[in-house]
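Here is a short briefing on one structure. Look it over first, then read the points below.

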Amino acid sequence: MTTRAGAERMHDAAAPTPAAQEAIWLYAITHSRDQAGLAGLPGVGGGQIRTLQSGPLTAVVESLDPGKFSAEGLQGRLSDPAELGVIARCHHDVVVAVAAEGPTLPFRLATVYVTDDRVHSLLSLRKDEFCHKLDWLAGRTECGIKAWADPDFLFTERGTTEPAARGPGGRPAGGEPPGPAEQSGSAYLFRRRAELAARVERQRLAARCGQEIHTALERLAAAAHLHPTQDPRSDGEEGLMVLNAAYLVESALLSEFADAAQAVGAEAGALKVDVTGPWPAYSFADGPDA
């Protein structure tokens, strides 16, 4: 999961000259100055994770080799799936460690500044905004929900079109009777029309299943964010993914929220509901007004 916390991506200025500039990877912003959990944690560039303070805010950063992490060099690294996986895992592990100490605004992967001063300026200029977001996130955590459905099951159990009843020539029962000189092509068109109607109905029912789950869970959360659904083959799952969403919930009620997700999923006819978390608030780092 990524976030737009801070519009800056890659470098926040023109590409630095390797001899004169630094490269500062920004992981997250928090209130907490106690970041003992970061000790010994490897960063994306293998360097030491450190903090920069400005008023009530703390930025968690790492100094990188500007030669290896120039805009061009970083783009090449992120284009390599294996290296991207390693970088993403390191970034996530640092964000998780920061979030364990208190409310945290995670920054998206590859947010890089050219100097510490640029990070200090960010904290100073957007202090009120960041403090507001952190206060909003206090005591809350992100929970991920994915749900799958079997469109055929939904069609059989809840569909408004009856898939099995067929009349002469393959027509849906109750249709107009065949003419005296009906051609095979006409019968084929009737069958295709019925198949198309059934397919549309399956899609409608699957979408309704996902919407029912989302509507019920949204009422139980402080905020919700819908992500694009994925091809179930990418997760090795059967059925059609009907919901891929993140919910910001009270940390103390996470277990109850997970139970509610399973219950509303079953009621909506879902084949499976997958609950993940707690996560740092990746999907909600833009704050309550996003």
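Helix H1 (residues 71-79) packs against H2 at an angle of about 100°, and their axes are 5 Å apart. Axes are lines fitted to C-alpha atoms, for helices over the stretch in contact, and angles run from 0 to 180 degrees between N-to-C directions. H1 is therefore roughly perpendicular to H2 (the term covers 65 to 115 degrees). This is a predicted model: local features need pLDDT of at least 70, side-chain atom pairs count only at pLDDT 80 or more, and totals for chains, interfaces and linings use all residues. Residues are numbered from 1 along each chain as its sequence is written, and side-chain values use heavy atoms, without hydrogens and water.

- Arg77, Leu78 and Ser79 of H1 meet Pro81, Glu83, Leu84 and Ile87 of H2 (contact means heavy atoms within 4.5 Å).

**His92**
- His92 lies in helix H2 (residues 81-99); helices are DSSP runs of H or I with at least four residues, strands are E runs of at least two, and both are numbered from the N terminus.
- His92 is buried, at a relative accessible area of 14% (buried means under 20%, with a 1.4 Å probe and protein chains only).
- Leaving out residues up to four places away in sequence, His92 touches Trp279, Pro280 and Tyr282.

**Backbone features**
- Ala110 is not a glycine, yet its phi is positive, about 70°.
- Ala110 sits in the loop between strand E5 (104-106) and strand E6 (111-113).
- Ala110 is buried, with a relative accessible area of 0%.
- The peptide bond from Gly277 to Pro278 is cis, with omega near 5°.
- Pro278 belongs to strand E10 (residues 272-279).

Methods
Buried means under 20% relative accessible area, exposed over 50%, partly exposed in between (1.4 Å probe, protein chains only). Angles under 35 degrees count as roughly parallel, over 145 as roughly antiparallel, 65 to 115 as roughly perpendicular and the rest as oblique.
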